Amino acid sequence: MEQSKNKLQRAVFLDRDGVLNEDVGYAYRVEDLRLIPGVAAAVATLKSRGFLLIVVSNQSGVARGLFSNDDVNRFNQALNQQLISAAGVGIDEFFYCPHHQDGSVAQYKLHCSCRKPEPGLILQATQKYPIDLKNSYLVGDKPDDIECARRAGLIGIQVRSRYGEKHEHAAALVDSLTAALPYLT
Ligand SMILES: [Mg+2]
């Protein structure tokens with residue numbers, strides 16, 4: 001066996017909206033799912049480099065009553081199907097935060113430890129997989145993604161977006177996941 005149970009794996013944590021699929025704002029309808037051009041090939045390249053691929057996504061639309069957990073899961077499955085049919089490789093696992101302190105759904109209206117920039121989603125992943133955090137990456141398009149990377153001890157790669165300036169912890173500022181590939185080695 002090449003990977004023993006105890007061997008630490010390197011991971012690329014991927015923000016979802018704005019990195020994998022176009023950010024249409026609270027995306028949950030499968031009809032609104034548009035892969036960003038080049039993403040499927042980039043995901044396949046990362047898998048060929050041996051990385052565990054984990055999505056970490058804030059989905060406060062659940063707390064806000066805009067959509068359900070089932071909607072999130074359905075969207076994520078459709079995303080994975082599109083990746084696999086385009087380039088043969090999908091995401092290994094999706095973790096998301098359904099909470100927001102200003103939510104309208106009582107169950108999810110809270111100040112949690114998993115909404116990025118908090119590192120809780122990364123910690124959830126490390127409870128399931130043995131991950132070498134300091135040699136792993138997080139690619140996201142908001143400063144809060146990079147702040148999450150900093151708090152979790154990951155290398156942060158920031159995809160340029162309308163959401164703000166380069167975070168000081170970002171190891172690189174790039175235009176897309178494809179453009180991030182040279183840094184994800
Ligand atoms: Mg995003």
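In the predicted model, helix α2 has 19 residues and reaches 27 Å from its first C-alpha to its last. This span is close to the 27 Å expected at 1.5 Å a residue. The buried residues of α2 are D71, V72, F75, N76, A78, L79, N80 and L83. An α-helix has 3.6 residues a turn, so residues three or four places apart point the same way. The buried residues of α2 pack against α1 and against β3 (93–97). G88 follows the helix, and its phi is positive, near 85 degrees.

The overall architecture sets the context for this helix. The secondary structure comes to five helices and six strands. From the N terminus on, the elements run β-α-β-α-β-α-β-α-β-β-α. The radius of gyration is 16 Å, close to the 16 Å that the globule rule gives for 185 residues, so the protein is as compact as a globular protein of that length. Along the principal axes, the C-alpha atoms fill a box of roughly 45 × 35 × 35 Å. Of the 185 residues, 50% count as buried. Among contacts with a separation of 6 or more, 61% come from residues 24 or more positions apart.

The interior was examined next. In soluble globular proteins, nonpolar side chains tend to be buried together. Here the largest nonpolar core has 33 residues. Within this core, L14, L20, V139 and L177 have the most contacts. At least two core residues each come from the strands β1 (11–14), β2 (52–58), β4 (137–140), β5 (155–159) and β6 (170–174). The helices α1 (39–48), α2 (69–87) and α5 (177–180) likewise each supply at least two. Helix α1 gives the most, with six residues. A second, separate core has 19 residues and includes I54, V56, I122 and I131.

L20 illustrates the packing of the largest core. Neighbours within four places in sequence are left aside here. L20 is in contact with L14, D15, R34, L35, I36, V39, V43, V55, L79, I91 and L177. Of these partners, L14 and L177 are, with L20 itself, among the residues with the most contacts inside the core. L79 is one of the buried residues of α2.

The magnesium ion is coordinated by D15 (OD), D17 (O) and D141 (OD), at 2.1 to 2.2 Å. Along the chain, the donors follow the spacing D-x1-D-x123-D. D15 and D141 link distant parts of the chain, 126 residues apart. D15 lies in the loop between β1 and α1. D141 lies in the loop between β4 and α4 (143–152). D15 has a relative accessible area of 7% and is therefore buried, the cut-off being under 20%. D141, at 4% relative accessibility, also counts as buried. D17 counts as buried too, at 12%.

D17 also belongs to one of the salt bridges. Side chains of opposite charge can pair when their charged atoms come close. The count of salt bridges comes to eleven. R16 forms a salt bridge with D17, the closest N and O atoms being 2.8 Å apart. R16 is buried, with a relative accessible area of 1%.

Other salt bridges involve partly exposed residues. D32 pairs with R29, the closest N and O atoms being 3.4 Å apart. D32 counts as partly exposed at 26% relative accessibility, and R29 counts as partly exposed at 41%. The side chains of K47 and D92 meet in a further salt bridge, at 2.7 Å from N to O. This pair links distant parts of the chain, 45 residues apart. K47 is in helix α1, whereas D92 is in the loop between α2 and β3. K47 counts as partly exposed, at 27% relative accessibility. D92 is also partly exposed, at 36%. Finally, E118, E147, R150 and R151 are linked in a network of salt bridges.

How values were computed. Residues numbered from 1 in each chain as written. Predicted model: local features only at pLDDT ≥ 70, side-chain atom pairs only at ≥ 80, totals over all residues. Heavy atoms only, no water. Core = buried A, V, L, I, M, F, W, Y, C linked by side-chain atoms within 4.5 Å. Buried < 20%, exposed > 50% of the residue type's maximum accessible area, 1.4 Å probe, protein only. Helix = DSSP H or I, 4+ residues; strand = E, 2+ residues; numbered from the N terminus. Contact = heavy atoms within 4.5 Å. Donors = N, O, S within 2.8 Å, 3.2 Å for Na, K, Ca; no water. Expected span 1.5 Å × (residues − 1). Salt bridge = Lys/Arg side-chain N within 4 Å of Asp/Glu carboxyl O. Rg over C-alpha atoms; globule rule 2.2 N^0.38 Å.
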